[in-house]
Amino acid sequence: MIKLFKVKEKQRELAENANGKGHVKKQSAGELRLHKDISELNLPMTCIISFPNGKDDLMNFEITIRPDEGYYLGGAFLFSFQVSHIYPHEPPKVKCKTKVYHPNIDLEGNVCLNILREDWKPVLNINTVIYGLYHLFTEPNYEDPLNHDAAAVLRDNPKMFQSNVRKAMMGGYVGQTHFQRLSSFDHFFTAGTSVCKMYAMTY
Amino acid sequence: MATVPPSRSRDLDKLLLRPGHLVGPNFEPGPELRDDIKEYVKVLVVGAGGLGCELLKDLALSGFRNLDVIDMDRIEVTNLNRQFLFRLEDVGKPKAEVAAKRVMERVSGVNITSHFCRIEDKPLDFYSDFSIIVLGLDSIEARSYINAVACGFLEYDSGDNPREETVKPMVDGGTEGFKGHARIIVPGTTPCFECTIWLFPPQVKFPLCTLAETPRTAAHCIEYAHLIKWDEVHSGKTFDPDNPEHIQWVYYEALKRAELFGIQGVTFSLTQGVVKNIIPAIASTNAIISAACALETLKIVSGCSRTLSNYLTYNGVEGLHTKVTEFVRDRDCLVCGPGVLIELDTSITLRKFIDLLEGHPGLLLSRVSVTHRGKNLYMQAPPVLEEMTRSNLDIPLFDLMVKIPKDIVHVNGMVGKGDKKQSCLRKLRVVFKGIDGVTDVDMAGGA
Ligand SMILES: [Zn+2]
């Protein structure tokens, strides 16, 4: 290719032309694949997506999950997603921004969900992850604990687990840990849903 | 044949000055070739670590005179066993600067410009200046970035053939312990990095609950300290793997954890390795792989021999096993592929453009979303983005593309009918008709 390099180098020396193409950002393959994932999202009513940095930054977005059944009914839980430029070679980084009493989510917001780590495959997508997160709220499981205490209570005493979850969502202490009252929970009650419905769901 | 003046690189001359029957196409031996390599060829070496040190030395000794090296790291004590251009007194200095200086001291006449910065900090013009780019990196992200930049210069003619003058070749080396690879990437001809990203195994990620509850290995303890304990203690402060204090903290926490669970083997260097995903490097493997890369660089540039086609793997774990595999490029690759050529009038609106794709025989795309240079022009979903981009539908695409006469646009949507509908992502080469500067005449050189 020497001939070509020589011609190009001579031209460059002559011209040093700045054609304004210089600082254009390249879209990474990861961004493009994410664009596809996002434009094909098919979310249930219980999951709302938002883009804090506007429509052109899809790499950082948030999901709010409002479970419509189970222990966490009435709560709203915010998750942040951070997607890398080599997505889907690497899974998105997901953190729970709402402090929650949950066996599979620790108090710092780390989430134990297999498809976010050891079972991630490039054929999976953002939709799958969001559904996975949603299921953590309808089916919390004590076998993969990140919050050790919550997992033990869920395993040994589901009724107490139910009451702890409620305590946490309404704002208060569970053991030594203080939880903030979820504003969604206020809304939930003023909206007229009866407390009986909550009790009816317990085991 | 004319007599040739004596050269310091006598052995190299044997390759460059004489004809042969194993040479590459268009090989024209002679002193002019040797001199042109010195004068006109500019090589960029990305990375000044284990591979980069070797590459700079090898390239300088192979007759290249104009080299640049880019690396954002500073020299650490642990580098000294294999990054042979560095001395104890260099610890803390930028790798690129010291490496450039040392090679220039040893090889007279070579000119190496160093760039102590991140690869993303350089404008695209910086990369377009080089004849060829040689990569000595240890991360997938960095390779993917350089690959996207180099493939971004590639243009295709109306017959979907790469325009030779826009081809920016790359040579990529990588090692992991006793294993390594060397490959050439000629965008538009060989697969690019993205075409074959599956060759790189994803990093092993341990389940968080294992780290939190049932650690069994030293790596589990380190990842616990890094991923869980760090957040617990430093609320809000993000962990920086390049900050020695942060690594030190993780190391001590991992040690405590290991003690608690009776686990052996947590060391400082393992901590660095796990957290930064570094596999132990071996000097000789680096030397072998770098030598292969330097040779391929010389071959691509000079044509003095046929190049590797196109991916060499080296495995020295048990005895020695090496082979060359010819991977094929993905013609639909979003990064290096030609994309579908679409000619448009400047007046066409985004809405009409989207309709047009549905009827386009090569695409038949429905429910189309459109993105251009990082701007999302239209999104079918989710509703929040659809709403934000809806007003673009009645604006001419030419205006939305800031009046660039020809450029790449990416679209995705559904192909097929009924149950066989499949989602797909496509690259388009949009060219606007009747705009000055889109003719072939303005292209550099010509084949
Ligand atoms: Zn490709």
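**Exercise 1.** Is Cys192(B) buried or exposed?

*Solution.* Cys192(B) has a relative accessibility of 0%, so this residue is buried (buried means under 20% relative accessible area, exposed over 50%, partly exposed in between, with a 1.4 Å probe and protein chains only).

A word on the model: it is predicted, so local features need pLDDT of at least 70 and side-chain atom pairs pLDDT 80 or more, while totals for chains, interfaces and linings use all residues. Residues are numbered from 1 along each chain as its sequence is written, chains are lettered from A and ligands numbered from 1 in the order in which they are written, and side-chain values use heavy atoms, without hydrogens and water.

**Exercise 2.** Find the protein donors of the zinc ion and work out the geometry of its site.

*Solution.* 
- Step 1: look for donors (N, O and S atoms within 2.8 Å of the metal, or 3.2 Å for Na, K and Ca; water is not among the atoms, so sites may look incomplete). The SG atoms of Cys192(B), Cys195(B), Cys333(B) and Cys336(B) lie 2.3 Å from the zinc ion.
- Step 2: read their spacing in sequence, which is C-x2-C-x137-C-x2-C.
- Step 3: check the angles among the four donor atoms. They run from 97 to 119 degrees, and the site is tetrahedral (for four donors, all angles lie between 85 and 135 degrees). For comparison, the ideal angle for four tetrahedral donors is 109.5 degrees.
- Step 4: check burial. Cys195(B), at 11% relative accessibility, is buried, and Cys333(B) is buried too, at 5%.

**Exercise 3.** How many disulfides are there over all chains, and which cysteines does a disulfide join?

*Solution.* 
- Step 1: search the whole structure for disulfides (pairs of cysteine sulfur atoms within 2.5 Å). The search finds one over all chains.
- Step 2: name the partners. Cys112(A) is joined to Cys209(B), with an S to S distance of 2.4 Å.
- Step 3: Cys112(A) sits in the loop between strand E4 (93–96) and helix H3 (126–138) of chain A, and Cys209(B) in helix H7 (residues 208–213) of chain B, so the bond links two chains (helices, H or I with at least four residues, and strands, E with at least two, are DSSP runs numbered from the N terminus).
- Step 4: Cys117(B) is in no disulfide, and the nearest cysteine sulfur, that of Cys53(B), is 17 Å away.

**Exercise 4.** Describe the surroundings of Cys112(A) and Cys209(B).

*Solution.* 
- Step 1: consult the record. UniProt lists Cys112(A) as "active site" in an unreviewed entry, and the "active site" annotation, also unreviewed, covers Cys209(B) (positions follow the numbering used here, feature names are shortened, and annotations may be inferred rather than shown by experiment).
- Step 2: check burial. Cys112(A) is buried at 9% relative accessibility, and Cys209(B) is buried at 7%.
- Step 3: list contacts (heavy atoms within 4.5 Å), leaving out neighbours within four places in sequence. Those of Cys112(A) include Asn104(A), Leu136(A) and Leu208(B). Cys209(B) touches, among others, Pro145(A) and Thr214(B).

Note on methods. Tetrahedral: all angles 85-135°; square planar, octahedral: opposite > 155°, others 65-115°. Contact = heavy atoms within 4.5 Å.
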